[in-house]
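Reader: Could you take me through the pockets and the core of this one? I would like the cut-offs spelled out as we go.
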Amino acid sequence: KGNLTCLTMGFGITALLGILFLGGQIIAWHDLAASGIFVKSSPHSSFFYMLTGLHGVHFLGGLLFLLYVFAQTLRVRYSAEHHPTVDLCATYWHFLDVLWLYLFLLMFVFRTT
């Protein structure tokens, strides 16, 4: 608390990683389309596009909120004592961290094939 440089760097790194993640999702959709897998191809592909699309919209909302808080941080709108939106934004992104760790373990470590 009270270290504006660390906060700014942390939000900047998080925003960059989020943008890279969304770019990866777009590349994955492009590769699927290039392989002839579209929304109407099968129920499986429809579900995949729907699930990742909704996730992308949710993620984009969080990224916009992160960029807003990042901009406010650069404008020095927060102090060590008053930073409610910083706390809310950090909670959102930490939740996503935990969720992705769970999904990673579920898909790659505990899978049954």
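Author: Contact here means heavy atoms within 4.5 Å. With that in mind, and leaving aside neighbours within four places in sequence, Cys-89 is in contact with Phe-11, Phe-65, Leu-66 and Val-69. This is a predicted model, where local features need pLDDT of at least 70, side-chain atom pairs count only at pLDDT 80 or more, and totals for chains, interfaces and linings use all residues. Residues are numbered from 1 along each chain as its sequence is written, and side-chain values use heavy atoms, with hydrogens and water left out.

Reader: Which residues of the largest nonpolar core touch the most other members?
Author: That core has 13 residues, and Phe-11, Leu-63, Leu-66, Val-69, Cys-89 and Trp-93 touch the most other members. A nonpolar core is a set of buried Ala, Val, Leu, Ile, Met, Phe, Trp, Tyr and Cys residues joined through side-chain atoms within 4.5 Å, and buried means under 20% relative accessible area, with exposed over 50% and partly exposed in between (1.4 Å probe, protein chains only).

Reader: Which element gives the most to this core?
Author: α3 does, with five residues, while α1, α2 and α3 each supply at least two. Helices are DSSP runs (H or I, at least four residues), numbered from the N terminus.

Reader: Switching to pockets, what volume does the largest one have?
Author: Its volume is about 660 Å³, and among its 28 lining residues Gly-10, Phe-11, Thr-14, Leu-66 and Ala-90 are the closest to its centre. On a 1 Å grid over the protein atoms alone, a pocket is an open set of points where a 1.4 Å probe fits, with protein on both sides within 12 Å along at least five of seven lines, and lining residues have an atom within 4 Å of a point. Grid points are joined across faces, edges and corners, and the volume is the space filled by probe spheres set on them.

Reader: And which helices supply that lining?
Author: α1 (4–34), α2 (43–74) and α3 (84–109) each supply at least two residues. By class, the lining has 17 nonpolar, eight polar and three charged residues, where Ala, Val, Leu, Ile, Met, Phe, Trp, Tyr, Cys and Pro count as nonpolar, Asp, Glu, Lys and Arg as charged, and the others, Gly among them, as polar.

Reader: What lines the second largest pocket?
Author: Phe-21, Gln-25, Phe-48, Leu-51, Thr-52, His-55, Trp-100, Leu-103 and Met-107 line that pocket, which holds about 230 Å³ of space. α2 gives the most to this lining, with four residues, and the classes are six nonpolar, three polar and no charged.

Reader: Is Thr-52 buried or exposed?
Author: Thr-52, in helix α2, counts as buried because its relative accessibility is 13%. A polar atom of its side chain lies 2.8 Å from the backbone oxygen of Phe-48, and, not counting residues up to four places away in sequence, Thr-52 touches Gln-25 and Trp-29.

Reader: Where does Val-76 lie?
Author: Val-76 lies in the loop between α2 and α3, and counts as exposed because its relative accessibility is 52%. Phi of Val-76 is near 55°, a positive value in a residue other than glycine.

Definitions and conventions
A polar contact is a pair of N or O atoms within 3.5 Å; within protein, one must be able to donate a hydrogen and the other to accept it, and residues adjacent in sequence count only if both atoms are side-chain atoms.
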